[in-house]
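Keep the sequence and the 3D view open as you go.

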Amino acid sequence: MDAAATAPQAGAAEAHMGALSQLIQEANQARGLSYQDMANRAIDPDSGTKLAKQALQKLVKTPPVNPPSIEQMRAIANGIGRPLRHVQEAVAAQWLQYEATELSGYDEEVRIIVGHLAGKSKADLMRWRYMIEAEERAKRDTGEK
């Protein structure tokens, strides 16, 4: 006897949803903003570009083939109450399959070092980690700051 098919999990559709679609849906469901609330706030302060409620709904349900313009991204950021950077990262992930990573709060030297290490093998990364940790221990042991 065959078992009856089970209903898909509630999160299954969200797993396939694009990153920008998820940001907008999260503002709607988790933060309680209606699509109309978002549309009322979805105005680019630089150009005056506005997004209608239907445009925001479409971005969640049936996203267009092309990504939003920078003016539309600024409007979306205002509409959902998130920083523009988060919207840009979501657009990059959804339309370009690019995962943005950022080292906030670090200077150029740290970013260069991290960029240099990015292509290293696991063994090389472990050696670098051990060297950095040994240097930190030596500073602690000698009272150096």
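What follows goes from the overall fold to the core, then to one helix pair, a loop residue and the last helix.

**The fold as a whole**

Please keep in mind that this is a predicted model. The chain is built from eight helices and has zero strands, so its pattern along the sequence reads α-α-α-α-α-α-α-α. Of its 145 residues, 22% count as buried. If you take the contacts between residues at least 6 apart in sequence, 54% of them join residues at least 24 apart.

**The nonpolar core**

In soluble globular proteins, nonpolar side chains tend to be buried together. Here the largest nonpolar core has 23 residues. L20, I24, M38, L56, I76, I80 and V87 are the ones with the most contacts inside this core.

| Element | Residue range |
|---|---|
| Helix 2 | residues 19-29 |
| Helix 3 | residues 35-41 |
| Helix 4 | residues 53-61 |
| Helix 5 | residues 70-80 |
| Helix 6 | residues 84-96 |

Which helix gives the most to this core? That is helix 5, with five residues.

Leaving aside residues up to four places away in sequence, M38 touches I24, A27, N28, L33, L56, G79 and I80.

**Helix 5 against helix 6**

Two packed helices are described by the angle between their axes and the distance between the axes. For helix 5 and helix 6, the angle is about 120° and the axes are 9 Å apart. Angles from 65 to 115 degrees count as roughly perpendicular and those over 145 as roughly antiparallel, which is why helix 5 is called oblique to helix 6. The crossing of helix 5 past helix 6 is right-handed. On the helix 5 side, the residues that meet helix 6 are I70, M73, R74, I76, A77 and I80; their partners in helix 6 are L84, V87, Q88 and V91.

**A loop residue**

Is N66 buried or exposed? N66 sits in the loop between helix 4 and helix 5, and because its relative accessibility is 56%, N66 counts as exposed. N66 and V91 are 25 residues apart in sequence, with their C-alpha atoms 10.0 Å apart in space.

**Helix 8 and what comes after**

Helix 8 covers residues 122-142. Just after helix 8 comes G143, with a positive phi of about 80°.

Note on methods: Residues numbered from 1 in each chain as written. Predicted model: local features only at pLDDT ≥ 70, side-chain atom pairs only at ≥ 80, totals over all residues. Heavy atoms only, no water. Core = buried A, V, L, I, M, F, W, Y, C linked by side-chain atoms within 4.5 Å. Buried < 20%, exposed > 50% of the residue type's maximum accessible area, 1.4 Å probe, protein only. Helix = DSSP H or I, 4+ residues; strand = E, 2+ residues; numbered from the N terminus. Contact = heavy atoms within 4.5 Å. Expected span 1.5 Å × (residues − 1). Axes fitted to C-alpha atoms, helices over the stretch in contact; angles between N-to-C directions. Parallel < 35°, antiparallel > 145°, perpendicular 65-115°, else oblique. Left-handed = near helix turned anticlockwise from the far one by under 90°.
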